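Notebook open, model loaded. I'm jotting down a few things as I look them up.

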Amino acid sequence: MRIYKKPLINLFYLYAALNYNGYDKENNSKGMHPFRKKVRDYLQNKFVPKFNFCFHPYQYTKEILINNLIISSKTNPDFIPTIEYLQRFIKETNLTILEKDFLAETKKAIEPYSKTLPKIIKITQEFFTFQPESQKIIFTVNLLESYYRGFSIQIEKTGYLITGPSESPNIRNLLHELIHFYINTIKAPEIPASHIKKLPKEIIDNYDDFLLSESLIRALVIYLSRKFNLGYQELNLNDELMLYPQKFLELLSKGQFNHLSKNQIKGLFTKIINNP
């Protein structure tokens, strides 16, 4: 698996527009990253019409990575107005004036991952006995995103691993998103209605059919962090509300797995489903 670490200019354009249109999510108690503040300050006095970004940022990110901000016959019709808006937004705000700063700041944020990322990739490659669909990984830090937030996107044979800013390499996020590339190749069984009754409604609404897979990934992050001395990790409040991460972590710890195959993962899913 080849690894490329680089800034993604279209991601910068998208998130500049998101921030201009009210994307204010921030997990850092000390506030937004300085470069994010700089971009928001620059845009504050611009008078481009607002746009209703009604989908999750993940969906817009995936679309601009696929289409490179160009409308073609392959463009999802739902996103044509978005791309048209972004084209206008970039031009009317003269956003290219910040490109040099964007490149410099993003490269600076990526640099601390130079040793950490290959180590985490090696751990996942050796732990799973099967390969993900991704033949290469493109990694970047999105400074216009909230601290500690990120996601992975699969486009054909390329996996994009995108993380928000952090004071030091966000190992938990790296592990989480890399594991997605493996677990997403396996279809999880449906959750029984008897289980759903025990789960908070917001958890079902947020994760729906991906709840089991997401839960296993969260448990594996804790398990592998402890197993390979990547820093002690524990389940957070959201993990506990999901119920399943704790159950998966108990199964993993009991089994003391050194490797995981697809059949073993399917077996873990089955044990969880059959446990009332």
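Is threonine 163 buried or exposed? I find threonine 163 buried, at a relative accessible area of 1% (buried is under 20%, exposed over 50%, partly exposed in between, with a 1.4 Å probe and protein chains only).

Ground rules before I go on: this is a predicted model, where local features need pLDDT of at least 70, side-chain atom pairs count only at pLDDT 80 or more, and totals for chains, interfaces and linings use all residues. Residues are numbered from 1 along each chain as its sequence is written, and side-chain values use heavy atoms, with hydrogens and water left out.

I place threonine 163 in strand 4 (residues 158-163); strands are DSSP runs of E, at least two residues, and helices are runs of H or I, at least four, numbered from the N terminus. Leaving aside neighbours within four places in sequence, I see threonine 163 in contact with residues including Tyr113, Phe139, Arg149 and Asn173 (contact means heavy atoms within 4.5 Å).

Next I looked at the helices. The axes of helix 10 (residues 211-227) and helix 12 (residues 244-255) come within 8 Å and cross at roughly 50°; axes are lines fitted to C-alpha atoms over the stretch in contact, and angles run from 0 to 180 degrees between N-to-C directions. I noted the contact residues: among them are Leu212, Leu216 and Tyr223 of helix 10, and Phe248 and Leu252 of helix 12.

Last, glutamate 240 sits in helix 11 (residues 237-242). I have glutamate 240 down as partly exposed, with a relative accessible area of 47%. Glutamate 240 and proline 165 are 75 residues apart in sequence and 25 Å apart in space, C-alpha to C-alpha.
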